[in-house]
Amino acid sequence: MIKNIDYTKYISFMLIAYAFSFPVSKAATNLFEVLAILLWIMEGRWREKFELYKHNLLSISIALLIGFSLLSILWHGNAGLTFHYIAKYRHLLIIFVFYSSFDKKYTSHIISAFLGAMFISELMSYAIFFELIHYKNISPDDPSPFMSHMTYSTVLAFTINVLLIRFFYEKNLKYKLFYIFFFLSATANLFINGGRTGQVIFIVLILITIFTSVQHKFKAFILSITILMTTFFLAYSLSPNFHSRTNQLYYDLSNVIVHNNYTGSGGLRLALSIMGVETFKDYPMAGTGIAYSIKDLQLYAQRNGFNAKILSTLADYHNGFLTISVQLGIIGLIISLMIIFALFRFSPEKKEYKIFALLYATTFVLFSFTHNTFHTMNPMIFFALFSGYFNSISRRKILH
């Protein structure tokens, strides 16, 4: 540790840059992540830090996830594959950096940096949609510029509701107008993209946002129903992408219920969840191990009458918490429940940020039921950034 350096300040700057980079650049996100972690290591004060971590549920949960995953090599073998899988958990170290070394006076800067980058991402999305630019191989029919449409739509749903909360709490008319404009443009952007996950999450978040921000509950009910009905009517009428994907989801679910046919996109995800639960029941104690994404796929597909050939193209269960539980057995299930519980325990002092934290926890848990959020970079960064951030600003004890 070099004396006379204000590590907390510089770490906080790196974390603000990290929040700005996340929506627009993987390379920059990785860079600022590494710089923040290096400064955190150089900062030292490990006795004080460990004292903080051992009393924090999220820190304990992440330590258990990483530690028990490593320990599972002892009974599952295949150390090479296991280490390769666990290496991606390095992104989760940012959670520890935030908790011990983020200065709360920069609380608003993280949200502002993130929203600024989301605005840039949205402009890029519209430019691609209207064919003003051509970016990589991204189609105007699904203009998600910097991440997959599933992740982009999820992050966008969260962003939309953060903007609505800021609109409710902002006093300055100029900023209120900006937030409502950004809210409307982001909502439209959500429905020209192909991510149905974010569109479903949007419904849940709007209800939370309105009912936590409007004191009169009948007014809250009318406002939320009005926003949702208007949004979905316009989206279904004006967005060919949303129209076709909504119909496709209906057909997928209808095929599952009426014909027991799981070959559609929605049906395949449901089939994977069923197989994951059955795998967990067959390997409840030690799990299948980290090295196996989907164990004995052929066996479980035949047992349930699923199309094994189609399912073999998918690498995991498309469910972050289920994947952890299958891989690590009962301990994995406990870790999954601990993480969920920790997310909903975030309690920043300001009411505005309490609502942000609730919106984030709801977003990430719903997202994790459709995606392996603990092994894909952008979902992991989304988790590390906002779990670390809300965990930190909920902390009452301060390091000296």
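The questions and answers below concern a predicted model.

Me: How far apart are the end C-alpha atoms of helix H12?
Reply: Helix H12 covers residues 217-238, which is 22 residues, and at 1.5 Å a residue a helix of that length should span 32 Å.

Me: Within what arc do the buried residues of H12 fall, seen down its axis?
Reply: The buried residues of H12 are Ala220, Ser224, Ile227, Leu228, Thr231 and Ala235. An α-helix has 3.6 residues a turn, so residues three or four places apart point the same way. The buried residues of H12 accordingly line one face of the helix, because their directions, viewed down the axis, fall within an arc of 90°.

Me: Which helices do the buried residues of H12 pack against?
Reply: The face of H12 turned away from its buried side carries the exposed residues Phe218, Lys219, Met229 and Phe233. The buried residues, in turn, have as their packing partners helix H10 (173-192), helix H11 (196-213) and helix H13 (240-259).

Me: Are helices H3 and H7 roughly parallel or roughly perpendicular?
Reply: Helix H3 (residues 46-53) packs with helix H7 (residues 93-101), their axes being 10 Å apart and meeting at an angle of about 105°. Angles from 65 to 115 degrees count as roughly perpendicular, and H3 is therefore, relative to H7, roughly perpendicular.

Me: How many residues of the contact of H3 with H7 are charged?
Reply: On the H3 side the contact is made by Lys49, Leu52 and Tyr53, and on the H7 side by Phe96, Tyr99, Ser100 and Ser101. These residues divide into four nonpolar and two polar, and the number that are charged is one.

Me: Is Ser125 buried or exposed?
Reply: Ser125 has its place in helix H8 (residues 107-129), and, leaving aside residues up to four places away in sequence, Ser125 touches Pro143, Pro145, Tyr152, Asn189 and Asn193. Its relative accessible area is 0%, and because the cut-off for burial is under 20%, Ser125 counts as buried.

Me: Is His318, which has a positive phi, buried or exposed?
Reply: His318 lies in the loop between helix H16 (308-311) and helix H17 (320-344), where its phi is about 55° although His318 is not a glycine. Lys136, in the loop between H8 and helix H9 (149-169), also has a positive phi, of about 50°, but Lys136 is exposed, with a relative accessible area of 66%. For His318 the relative accessible area is 16%, and His318 is buried.

Definitions and conventions. Residues are numbered from 1 along each chain as its sequence is written. This is a predicted model: local features need pLDDT of at least 70, side-chain atom pairs count only at pLDDT 80 or more; totals for chains, interfaces and linings use all residues. Side-chain values use heavy atoms; hydrogens and water are left out. Helices (H or I, at least four residues) and strands (E, at least two) are DSSP runs, numbered from the N terminus. The expected span of a helix is 1.5 Å times one less than its number of residues. Buried means under 20% relative accessible area, exposed over 50%, partly exposed in between (1.4 Å probe, protein chains only). The arc is that of the directions from the helix axis to the C-beta atoms. Contact means heavy atoms within 4.5 Å. Axes are lines fitted to C-alpha atoms, for helices over the stretch in contact, and angles run from 0 to 180 degrees between N-to-C directions. Angles under 35 degrees count as roughly parallel, over 145 as roughly antiparallel, 65 to 115 as roughly perpendicular and the rest as oblique. Ala, Val, Leu, Ile, Met, Phe, Trp, Tyr, Cys and Pro count as nonpolar, Asp, Glu, Lys and Arg as charged, and the others, Gly among them, as polar.
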